[in-house]
Amino acid sequence: MKKIILAIFLISSTFIVAQKTDYRAEKTKINNLVHTKLKVDFNFQESQMNGEAWVTLSPHFYPTNKVVLDAKAFTIKQVKVDSKPVAYNYSDNEITIELGKNYTKDESFTVYIKYIANPEKVKQNGSEAITDAKGLYFIDPKEDDPDKPTEIWTQGETESNSCWFPTIDTPNQKSTEEIYMTVPDKYVTLSNGKLVSQIKNANGTRTDYWKMDEKHAPYLFFMGVGDFSIVNDSCNGIPVNYYVEKEYEPVAKEIFGKTPEMITYFSNITGVPYPWNKYDQIVVRDYVSGAMENTTAVVHGEGAQQKKGQLIDENIWENTISHELFHHWFGDLVTTESWSNLTVNESFATYGEYLWLKHKYGNDKANALMYEDQQTYLNSKSEAKDLVRFYYKDKEDMFDAVSYHKGGAILYMLNDYLGDDAFFAGLKEYLIEHKFGTAEAEDLRLALEKVSGKDLNWFFNEWYYGSGHIKMDVSYDFNTINKTVTVNVKQKEKTFVFPLSIDIYEDNTNVRHNVWINHSDESFTFNFNKLPKLINIDAKHVLLAEINENKTIANYLYQFKHAPHYLDRKLALEEIAKNQTTSKEAYYALIKAFNDPFYKLRIYALQHIDLFQKYNKKDAIAKIVQLAQNDKKTLVKAAAIDVLGKLVDPVYKPIFENALNSKSFAMTKSALVSLYQIDKSSALNKLNTLNKDSKENLASAITTIYINEKDTTNLPFIASNVLSGMFNSSDKQVQNLYGQGYRMIIESNNVEAITNLTDRFVILGKKYKKFKFDKMAVNMMNQIVNVQMKSKNTNKEEIILVIRKGIAQLLM
């Protein structure tokens with residue numbers, strides 16, 4: 001599953017710490033799933049599902065005369081075993097069935113259950129930020145909302161698929177599958193495996209028969225129903241299809257079209273050909289997470305559906321697409337045996353994002369993602385958590401920055417230590433040994449040791465069964481007489497063992513030294529010919545570490561020019577930007593960064609250049625104009641237009657007007673705001689010509705203008721977007737501006753605006769309840785009530801009623 005983390009929620013998550021509770025063992029196997037057959041149809045008016053299930057099982061080892069199945073919020077109609085009625089007890093979301101005789105491990109039996117699934121009556125927490133994880137979701141089932149399609153979809157992870165079919169809902173079970181889905185004929189369906197047949201019924205419905213011949217975990221079962229366009233693709237004879245809303249059919253291949261290449265790449269690097277018979281992806285409304293790796297039927301949230309203008313700038317969903325696909329090896333083919341070992345699922349899927357970017361776009365883009373992942377972990381305040389955790393409060397707590405981002409960074413270090421050949425050969429060994437089964441981190445270690453011949457206990461003890469990360473102070477002692485430099489490494493808080501790469505630069509050349517850190521205090525002495533210009537610690541940038549060293553601005557200037565890694569340039573640029581007002585060399589180095597080969601560093605330089613200081617800015621502005629007009633990346637052009645807009649000089653008006661005609665949303669947004677800086681009437685006239693869809697595409701820019709204009713006539717529009725600017729941006733100026741817009745709304749007499757704002761609070765509060773945003777939303781809405789009560793607004797009673805209804809929804 002792919003997580004979506006917003007800034008405000010990352011901050012909230014820092015208060016979640018490891019909690020020692022009961023030992024979380026792998027679920028004891030009394031009976032094993034063998035096969036699951038379902039026949040279902042849907043009651044749209046009541047948001048219920050009518051189901052019949054035939055669940056075939058066999059005892060794991062010991063003889064047994066009963067079976068316990070998970071079945072949450074069911075209405076049980078009938079239970080049989082091998083076609084005979086039997087006694088059963090249904091309580092606490094489990095059905096205990098008397099089998100009528102003892103069965104041995106060489107025998108199997110089939111349980112038949114006729115039932116009604118009642119997802120709206122389910123009360124449990126679900127994966128990541130999912131609350132009231134009800135497994136089966138009806139979206140606008142009564143077709144009340146003209147802006148929302150009617151859909152049905154399921155979400156199983158962690159243990160929610162037992163909300164719609166009876167099963168042993170744990171990751172260490174696997175089953176083959178058949179599903180007969182009866183739906184209104186106007187809808188299409190999607191499930192795991194192959195669509196075997198479709199039969200039209202006399203009552204205007206259609207029954208689709210889906211069959212999955214390979215075993216997979218119950219949480220990976222999936223159903224999707226709705227009015228989707230199906231865009232066909234393929235990879236080496238394997239069907240690859242994209243289910244999207246009809247509006248997005250023309251761009252479906254621009255969103256998902258790299259999938260066949262990803263399948264080929266992941267098959268090649270693992271040495272295991274894609275192990276399933278097809279690969280479908282579906283985008284649904286109101287999804288409760290980012291995306292989910294249901295076997296052969298991946299579901300994505302609506303954020304995947306992007307307009308042409310967004311895709312011109314960047315496909316923001318590509319990492320998620322690669323993440324869910326890599327799960328089809330790590331998570332689907334080989335599944336964690338327990339949530340304690342979630343790392344063998346999610347750490348690999350996260351690392352798969354890095355591997356794909358490196359393959360497709362090169363080192364800079366991949367290394368930028370790895371750095372972002374490392375920072376996500378470091379900022380999460382999760383140092384007390386082990387990667388493999390047998391003690392946690394709730395299984396949902398495992399879906400965090402440790403299992404995802406830290407785990408991916410750990411695999412990055414392990415890959416570097418073993419080398420590509422041994423690492424990927426070890427992964428092949430692991431996948432083949434455990435295919436269509438389950439595994440834990442120890443199984444990964446044994447596979448890698450078998451292939452490489454190296455003992456890896458030390459690594460797994462530190463990084464898989466230990467917590468924290470490397471923290472070290474680095475200092476240098478130069479002896480100009482003996483021409484030596486001593487590098488001193490002092491670890492803080494905890495001692496790790498690790499290989500360390502050190503580059504020593506003299507003039508324009510460097511020498512790489514590889515050493516091992518075995519103790520908390522280590523010193524290494526190296527010869528030099530000329531006094532080094534730079535000593536680069538962790539020169540390969542593979543360590544998950546906080547490194548404290550005292551580099552001078554001269555060191556950073558040299559590093560930016562000569563050290564090749566993305567992080568060498570990125571970290572140097574950060575320091576250079578801080579010193580540009582006091583150092584002419586730093587200022588001109590920042591200008592040189594406009595030509596960096598990686599677009600994100602060009603954007604960084606543009607966003608941090610100070611054109612209002614004492615040095616000559618003419619050359620800088622000329623380069624910025626060139627970027628605004630000619631850079632190959634529209635995101636860089638947009639950043640350059642932002643800078644020119646802040647100069648408030650009419651001479652750049654033609655650039656802004658030309659950019660307004662671009663198909664790039666980023667360029668159009670920047671151009672509109674920049675034009676507003678120098679010619680408000682022209683910008684407002686342009687804004688007034690836009691239709692509703694265009695305004696939604698440019699929402700952030702238009703909201704910014706409306707707030708600056710103090711435009712109370714467009715408060716409903718501001719209200720629909722204001723929370724994004726307040727909580728989703730790290731820019732203090734943006735936060736403050738949107739805070740002003742928020743104040744305009746809550747003090748207003750505008751019922752529609754308050755209603756829009758309340759709706760956004762409710763949506764975000766429910767979606768991110770795990771991060772306590774619901775409590776924050778309730779507090780903020782209570783403050784609005786207080787503001788309105790003190791006001792003289794004529795509509796305040798109606799406004800207060802709207803807000804209190806929103807509060808009630810979050811307190812349910």
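**Cores, helices and a sheet**

Leucine 644 touches Ile621, Ile624, Val625, Ala628, Tyr652, Ile655 and Phe656, leaving aside residues up to four places away in sequence. The model is a predicted one. Leu644 belongs to the largest nonpolar core, which has 97 residues. Within this core, Leu644 and Leu757 touch the most other members. Helix α23, residues 715-727, gives the most to the core: eight residues. In soluble globular proteins, nonpolar side chains tend to be buried together.

Next, a pair of helices. Two packed helices are described by the angle between their axes and the distance between the axes. Helix α17 spans residues 634-646, and helix α19 spans residues 665-678. Their axes come within 8 Å and cross at roughly 5 degrees. Angles under 35 degrees count as roughly parallel, and α17 and α19 are therefore roughly parallel to each other. From α17, the contact draws on Thr634, Leu635, Lys637, Ala638, Ile641, Asp642 and Gly645. From α19 come Ala666, Met667, Ser670, Ala671, Ser674 and Gln677. By type, the residues of this contact are six nonpolar, five polar and two charged.

Now the sheet. Strands of a sheet pair through backbone hydrogen bonds, either parallel or antiparallel. Here an open sheet of five strands runs in the order β16-β17-β18-β20-β19. Its pairing is mixed. The edge strands are β16 (229-235) and β19 (291-292), and each pairs on one side only. Strand β17 covers residues 238-244, and strand β18 covers residues 279-283. These two pair in the parallel sense, over four bridges. Asparagine 241 stands opposite aspartate 280 in β18.

Last, a single loop residue. Where is glycine 419 placed? Glycine 419 sits in the loop between α8 (402-418) and α9 (420-434). Is this residue buried, exposed or partly exposed? The relative accessible area of glycine 419 is 24%. Buried means under 20% and exposed means over 50%, so glycine 419 is partly exposed. Glycine 419 and serine 452 are 33 residues apart in sequence. In space, these two residues are 9.5 Å apart, C-alpha to C-alpha.

Methods: Residues numbered from 1 in each chain as written. Predicted model: local features only at pLDDT ≥ 70, side-chain atom pairs only at ≥ 80, totals over all residues. Heavy atoms only, no water. Core = buried A, V, L, I, M, F, W, Y, C linked by side-chain atoms within 4.5 Å. Buried < 20%, exposed > 50% of the residue type's maximum accessible area, 1.4 Å probe, protein only. Contact = heavy atoms within 4.5 Å. Axes fitted to C-alpha atoms, helices over the stretch in contact; angles between N-to-C directions. Parallel < 35°, antiparallel > 145°, perpendicular 65-115°, else oblique. Nonpolar A, V, L, I, M, F, W, Y, C, P; charged D, E, K, R; others polar. Pairing = 2+ DSSP bridges.
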